[in-house]
Every structure is written in C-alpha cells, then in structure tokens.
Amino acid sequence: MLDLGLDPDVWPWIWLSAAVIFALVELAVVGGSFIILPWAISAFVAAILAFYDVPVEVQWTVFVFGGAILFFFLYRWAQRFMRNAPRNPGVGAGRMVGMTGIVTADISHDDEDRKGRVKIEGELWGALADGDDGIPAGRRVTVLAMKGTRVVVTPIALNGLSGEEQQQ
C-alpha cells in the first residue's frame, strides 16, 4: 500500500474537499466551461471509494484516469454539440451584409454630407448608395457591404423593376 504519511481515514475528506474545490473553481473562475468538472466528479468518486476503504492507489487511479476519460467524452460531446448547434449570425457590423432595411433619410450618391440613414432591425446606420443614383427616404434596401462605419445599400426591386427603373 502506498504510504504518503496520512491516516487512511483522512483520504475520504481530502477527496471530498478536492471535489468541492474543483467544482467551485469550475463555476467561479473558469465560468462553466467544463474543463475542471471531470476531475471534480472523479474526486467525488474517489471519495466514495475512500469511505469504503479501497486502497489509495485505486483512488488515485480513479481520480487521474477517470477524470481523463470523463474529459475525453465531455470534449467529444461538446464537439458534436457545437457542430450541430445553430450558429449566431455574428457580431459586429459584418453581420449586416445581406439584411434589408428602410431608408430613413435620403442617401445621395456620394453622401458627402453623411446624412443618409438606413434602419436595419431597429438600428440606425449611416448609409452609402451603391451606384451613381441616390435613394429616397422610405425605400427598402439591401445591405451589400460595409464601408467603415456605414453600410453600402442598393434598392430592392419591386414589381420586376430594378432600383434605377423605379426612381425614373
């Protein structure tokens, strides 16, 4: 039997303390990313084994290898979950490309005065018109790209007419 200078009756409490500390670190410090959780579970199992006077070597084996095996399976589950989970449309301004909006302030073709505005999903954005023509307020537009902090938009065709034909 492995002699670490500790009374065998102390090991259950050591393992139980380790399980609680690992679980608290998982929740408070790591933020629930399940990195330390497998070893918290294996420390708890080692504590149960220690209460039944299983040899310390077996307890350590359960703790080390049990934690590693649980980590492996949790990692595989997380990969499968992330692969099948729907993705967020993104963050930042780049998510705007392809969305539609309504022009709230006329957009001139060069927008030198920077007054052109488009409302997209409740957010008001500075806008540039794609092409040489401006876009009047009230028109529905599609975001083509981002240019700095402004969206580049083009009018949505209605009734089979292009945006240019509708303005004439």
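User: What makes two strands a pair in this structure, and how many bridges join S4 to S5?

Analyst: Two strands pair if DSSP finds at least two bridges between them, and strands themselves are DSSP runs of E with at least two residues, just as helices are runs of H or I with at least four, both numbered from the N terminus. Six bridges join S4 to S5, which run antiparallel, so the two strands meet the definition of a pair. Within this pairing, Val 143 has Val 153 in S5 as its bridge partner. This is a predicted model, in which local features need pLDDT of at least 70, side-chain atom pairs count only at pLDDT 80 or more, and totals for chains, interfaces and linings use all residues. Residues are numbered from 1 along each chain as its sequence is written, and side-chain values use heavy atoms, with hydrogens and water left out.

User: Why is Arg 150 called buried?

Analyst: Buried means under 20% relative accessible area, exposed means over 50%, and partly exposed lies in between, with a 1.4 Å probe and protein chains only. Arg 150 has 12% relative accessibility, and therefore counts as buried. Arg 150 belongs to strand S5 (residues 150-155), and, leaving aside neighbours within four places in sequence, its contacts (heavy atoms within 4.5 Å) include Asp 111, Arg 114 and Leu 128.
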